[in-house]
Amino acid sequence: MTLAINVAGYADPALHAHGLYIGGKWEKGAGIPVINPSTGDVLAEVADASVEDAARTVDAAEAAATGWRDTPSRKRAEILRRWFELMSAHSEELAMLISLENGKALSDARGEVAYAAEFFRWYAEEAVRIPGEYRHAPSGAHKILVDHEPIGISVLITPWNFPAAMATRKIGPALAAGCTVILKPASETPLTAYAMARLGEEAGVPAGVVNVLTTRNPGPVVNSMLADPRVRKLSFTGSTGIGRVLLAEAAKSVVSCSMELGGNAPFLVFDDADLEAALHGAMVAKMRNAGEACTAANRFYVQAGIHDAFVKGLTGRMAALKIGPGCDPATNCGPMITQKAVQKIDNLVSDAIERGARATTGGAPLPGNGYFYPPTVLENVPVDAPIAHEEIFGPVAPVYKFTTEEEAIRLANNTEYGLAAYIYSTDIKKALRVGKGLETGMLGINRGLMSDPAAPFGGVKQSGLGREGGVTGILEFMEAKYYAVEF
Ligand code: NAP
């Protein structure tokens, strides 16, 4: 395959396309600049789809729908498996592309590509295991047969923080289920999505099964697709605010919704925790993607007996991180996605400091053209400060002291979110007891990383609806059909 253009002088031509991908055709287009957050430079321009383009894309997804639904699941699985292999073979170019347009450190970008590709491998394996049911009606009158059918054309909307993984986590199960899809990636990070679509084409994904649209006007463009009766599924990953807007919009046509929304993860450290393990886990849970992760530890609740040692250890580790351009292999902490994101973090930190918090490292934005905020630890943070209630989405670790187990659970649950939580304790019985009390969809016990394609990912409360990944992820793209059979 010929991989087109260079990105900003990188000698190895990246997997790179700029135009809409509709019905297996690459269209020319421009209008949305893609910025390198490490420098503020424009990397490329991608197409700006209109409502009319969206309608053509639904036509293309519809034209491919019957053929794909009727493709044997073994064949669908083999295409997904080839896509996994191609992503793995092109992992360095993809990682560089992610790093350039998102800013994340190359090591994080490599981790993302491996994680993202795994969704294709996992769903290649799940495609041939779609479940059904056969039961006897309790009345004895008939038999109950339950089949699962592809739900239909699916609109997939993804955020900028994991431009590859958030797309494969949706495309993998949708294709395995037999659905055709329209992917709308975030405007900040469209290049990765287009690059992956190129690999999908090479893997043998038929024309129209996967379509990619970028637009400056996500509201009207997505709303027009949701209003089209041929679209039956919306799978969204992004902020809770936009999620609420989309749920209301989808309600008008009663479109099935899976929502992966914001988080405000508590990280609980008990006196009996292994300090080194807790610090290691804290760095993983806080600093993957420089804190720009929905599962990022957003509030550190540390028991009084271990509090000071934890703050000291965390401060040392955070201060030692190397800040720099994402694509520099020496970088541990890349830039934030935009200057606006830096400003938001700065406001939260400044406000906490005004309320009595103390920065033991970091605490103010860094000058320069890129959008840098340094790794920061805050101690003595009041539990009612806005930083305890909003997603920081940056490299800032606010630490709060607690005394009792009950207090820790109450503080941890004091949020509208319920995506992820972490507990460090060597008393596993206590960890499980506390875990039971936490309002969360996912829980790391003595572990700072929980994402796994083989596990159900998702949140409770205002963190979302439904689960991605695992054995149930494919059912988000299927409808149960019940046959009452008498014989
Ligand atoms: P966002 O602002 O909600 O945007 C997410 C996506 O929605 C983007 O593609 C965006 O397009 C699109 N969008 C914006 N307005 C829309 C509208 N009116 N109609 C339809 N689509 C619209 O979120 P973000 O800033 O990209 O991502 C960060 C958020 O995602 C955080 O809250 C984070 O916690 C959450 N997240 C959750 C998970 C999870 O699995 N739960 C995973 C990752 C991230 P444009 O880019 O063109 O505006």
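Predicted model: local features only at pLDDT ≥ 70, side-chain atom pairs only at ≥ 80, totals over all residues.
Across the boundary between the two domains, 29 residues of domain 1 are in contact with 30 residues of domain 2. Domain 1 covers 9–261 + 463–485, and domain 2 covers 265–452. Taken over C-alpha atoms, the centres of domain 1 and domain 2 lie 30 Å apart.

**Buried area**

- Between them, domain 1 and domain 2 bury about 2200 Å².
- Carbon and sulfur atoms account for 56% of that buried area.
- On the domain 1 side, Pro37, Trp160 and Ser463 supply 23% of the area buried against domain 2, more than any other three residues.

**Polar and charged links**

- The interface of domain 1 and domain 2 holds one salt bridge.
- Glu416 and Arg244 meet through their side chains in a salt bridge, at 3.8 Å from N to O.
- Polar contacts between domain 1 and domain 2 number 11 residue pairs, with both residues at pLDDT 80 or more.

**The domain 1 face**

- By residue class, the side of domain 1 that touches domain 2 has 11 nonpolar, 11 polar and seven charged residues.

How values were computed: Residues numbered from 1 in each chain as written. Heavy atoms only, no water. Domains from an automatic or database assignment. Contact = heavy atoms within 4.5 Å. Buried area = accessible area lost by both parts, 1.4 Å probe. Salt bridge = Lys/Arg side-chain N within 4 Å of Asp/Glu carboxyl O. Polar contact = N/O pair within 3.5 Å; in protein donor to acceptor, adjacent residues only side chain to side chain. Nonpolar A, V, L, I, M, F, W, Y, C, P; charged D, E, K, R; others polar.
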